[in-house]
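Thanks, everyone. Please bring the structure up on the screen, and then I'll walk you through it.

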Amino acid sequence: MLQLLQQATSAWTVFLFALASVALLLVVLGFVTYAIYFERKVIGWMQLRPGPNRTGPLGLLQTVADVAKLLLKEDTKPKNADKALFTLAPILAYAPAFTVLAVMPFTESVQFADLGIGVLYYVAFSSITVLGVITAGWASNNKYSLIGGLRSAAQMISYEVALVMSIVGIVLMTGSMNLREIVEAQKDIWNIVPQFLAFIVFIIAAQAELNRTPFDLPEAESELVAGYHVEYSGFRFAMFMLSE
């Protein structure tokens, strides 16, 4: 992939790069689909219920059916919403979440951008998602959405400090912010061993950043219906789910 990017720009190079990007997007969508399935299964097990078990064998096609339903649903906009910001919010939330994959080293040769400041790039771009959340809450012209957006922004910004601090130890141990070099530095021993406490902090902070259970206060159904994306439907709602 790096050799492809270093070649002179041509129609063929652009086509291959676009094809690789689409393939990566499909892989991400497949991973997200079944990550949601396993999350629902685990939550069901914790609550003494079966979880998804109807669509497909063992319920494996339930999330696929949910995605198809979202893509086929009517895309509605509230009458009094700020139309421009309402449309922009899902893009602001999803685009950074997909952009950070550019610096992830999937294999020794598959990496879209080998940046020397890969960790900083990852943290900076992932922080932009909070702008989409606030924009969605404000643009919907709905009190539940606004309160959910403010809650989510406060939570994401607060836990981001702990998330970044948990990564600092890895950067100091490796002596680099390049993600490929950080991966290569773990050939003898994984960083989770000397940095176990930081790993625990990272997992907890990541759960809070993603508004997942039990840090789902911004989307508290009993209080806020669905939080900042209560007015969204169809593929715009799906973009918020993908950003998480």
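First, a term: contact here means heavy atoms within 4.5 Å. The domain assignment gives domain 1, residues 1-72, and domain 2, residues 78-243. In contact across the two are 15 residues of domain 1 and 16 residues of domain 2. Their centres, taken over C-alpha atoms, lie 17 Å apart.

Keep in mind that this is a predicted model. The mean pLDDT of the protein is 80. Of its residues, 91% reach 70 or more. Where is confidence lowest, and where is it highest? The lowest is helix α1, residues 2-6, with a mean of 54. The highest is helix α9, residues 196-209, at 87.

Now the helix packing. Two packed helices are described by the angle between their axes and the distance between the axes.

Start with α6 and α7. Helix α6 covers residues 129-139, and helix α7 covers residues 143-174. They pack at about 165 degrees, and their axes are 7 Å apart. Angles over 145 count as roughly antiparallel, so α6 and α7 are roughly antiparallel to each other. The crossing of α6 past α7 is left-handed.

Who meets whom? From α6 come Thr 129, Val 130, Val 133, Ile 134, Gly 137 and Trp 138. From α7 come Ser 145, Leu 146, Gly 149, Ser 152, Ala 153, Met 156 and Ile 157. By type, the residues of this contact of α6 with α7 are 8 nonpolar, 5 polar and no charged.

Next, α7 and α9. Their axes come within 8 Å and cross at roughly 155 degrees. That makes α7 roughly antiparallel to α9. Again the term is left-handed for the crossing of α7 and α9.

On the α7 side, the residues include Gln 155, Met 156, Ile 157, Tyr 159 and Glu 160. On the α9 side, among them are Ala 198, Val 201, Phe 202 and Glu 209.

One last pointer. Look at Met 156 and Ile 157 in α7: they meet α6, and they meet α9 as well.

Terms used: Residues are numbered from 1 along each chain as its sequence is written. This is a predicted model: local features need pLDDT of at least 70, side-chain atom pairs count only at pLDDT 80 or more; totals for chains, interfaces and linings use all residues. Side-chain values use heavy atoms; hydrogens and water are left out. Axes are lines fitted to C-alpha atoms, for helices over the stretch in contact, and angles run from 0 to 180 degrees between N-to-C directions. Helices (H or I, at least four residues) and strands (E, at least two) are DSSP runs, numbered from the N terminus. Angles under 35 degrees count as roughly parallel, over 145 as roughly antiparallel, 65 to 115 as roughly perpendicular and the rest as oblique. A crossing is left-handed if the near helix is turned anticlockwise from the far one by less than a right angle, and right-handed if clockwise. Ala, Val, Leu, Ile, Met, Phe, Trp, Tyr, Cys and Pro count as nonpolar, Asp, Glu, Lys and Arg as charged, and the others, Gly among them, as polar. pLDDT is the predictor's confidence in each residue, from 0 to 100. Domain bounds come from an automatic or database domain assignment.
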